[in-house]
Amino acid sequence: MGMDVYVGPLSRYLARNWMTVVQQVGAATGRRVQVLNVGDSPASQDDAQPFLDDEAADVMVSTWQAELLAALGSDTPWDDHHDLPYWTDKPDWDGYGGLVLLAAYLERPELVPTSRGGLFRRAHADDPRGFQRAEAYQAASAAPARFPSLLGGTEWWLPVETRGRVFRAPRPDGPVTTMAPVSRLLLELKEVAEAIGLTDREERVAIRAAGPPDRDADVETCARFGLSTLLPLAGKAYVERQPLLLDF
């Protein structure tokens, strides 16, 4: 099971009226690509039917958004309609896990598994795909100060303002999910970029263009790819005032 990032209207996402980058490549080359999310089975996806029709998704999201904004004390809705554009990319678990581990190391540098000197020289390297098992992550995520959304289990970042507060709320389709403002994510990603000297946009474009890291790549390599993938999407979500979602 891979992990993609989606930026765009929730109604389009819930209607499954979008394609991951892998699906887009498959469509361009005439290959069928089947995407399974948590709770899906191959049989349930065979006909590629949408979860909701477009109009039902619009109504569901509109009602949900009004209730959420009222609960947050906000009166600034964002545009959400099934035919608005979307953007997507695939950091996968290596890139995302590396990024989260790096945030954990920056929060709790004393828990970096290291040999002698250097943030990324380690005797027992953490596995980005298993970031939740890392000692630094477990400690930092208990009370994150610098990176509350990256380390707080956030899956949905919304164009709302909560003074940076991470919160839990039901999604339009029911499951309770950890959420945070898009602006909070953008600040955190920029802080990580500053910490590892990856502030040059052209360098990030080159890292993304080079493709995913090898399966046995170290945390820094994975984090640089994850950051180069996620930061432009967070910027797009902020400018366009659209949600950013982790899809897995």
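## The second largest pocket

Helices α7 (182–195), α8 (201–209) and α9 (219–240) each contribute at least two residues to the lining of the second largest pocket, and α9 gives the most, with six residues. Helices here are DSSP runs of H or I with at least four residues, strands are E runs of at least two, and both are numbered from the N terminus. This is a predicted model, in which local features need pLDDT of at least 70 and side-chain atom pairs count only at pLDDT 80 or more, while totals for chains, interfaces and linings use all residues. Residues are numbered from 1 along each chain as its sequence is written, and side-chain values use heavy atoms, with hydrogens and water left out.

The pocket holds about 330 Å³ of space. Its lining has 16 residues, and Arg 201, Arg 204, Ser 228, Leu 231 and Pro 232 lie nearest the centre. By type, the lining divides into six nonpolar, four polar and six charged residues. (Ala, Val, Leu, Ile, Met, Phe, Trp, Tyr, Cys and Pro count as nonpolar, Asp, Glu, Lys and Arg as charged, and the others, Gly among them, as polar.) A pocket is an open set of points on a 1 Å grid over the protein atoms alone, where a 1.4 Å probe fits, with protein on both sides within 12 Å along at least five of seven lines; lining residues have an atom within 4 Å of a point. Its volume is the space filled by probe spheres set on the points, which are joined across faces, edges and corners.

## Nonpolar cores

The largest nonpolar core has 45 residues, and Leu 189, Leu 227 and Leu 244 touch the most other members. Such a core joins buried Ala, Val, Leu, Ile, Met, Phe, Trp, Tyr and Cys residues through side-chain atoms within 4.5 Å. β1 (4–7), α5, α6 (135–142), α7, α9 and β6 each supply at least two residues of this core, with α5 giving the most, ten residues.

Beyond its neighbours within four places in sequence, Leu 227 is in contact (heavy atoms within 4.5 Å) with Leu 99, Leu 189, Val 192, Ala 193, Ile 196, Leu 198 and Pro 232. A second, separate core of 22 residues includes Tyr 6, Trp 156, Val 160 and Ala 169.

## Aromatic pairs

Across the whole structure there are eleven aromatic pairs. In the pair of Tyr 6 and Tyr 13, the ring centres are 5.1 Å apart and the planes stand at 50°, so this pair is tilted. Rings of Phe, Tyr and Trp (its six-membered ring) pair if their centres lie within 6.5 Å, and planes under 30 degrees apart count as stacked, over 60 as edge-to-face and the rest as tilted. Tyr 6 and Tyr 13 are both buried.

Trp 93 and Phe 248 make an edge-to-face pair, 5.3 Å centre to centre with 65° between the planes. This pair links distant parts of the chain, 155 residues apart: Trp 93 sits in helix α5 (residues 92–107) and Phe 248 in the segment after β6 (244–247). Trp 93 counts as buried at 16% relative accessibility, whereas Phe 248, at 23%, is partly exposed. Buried means under 20% relative accessible area, exposed over 50%, and partly exposed in between (1.4 Å probe, protein chains only).

## Two arginines with positive phi

Arg 163, in the loop between β3 (156–158) and β4 (167–170), has a positive phi of about 60°. At 87% relative accessibility, Arg 163 counts as exposed. Arg 241 lies in the loop between α9 and β6, with phi near 55°, and is partly exposed at 31% relative accessibility.
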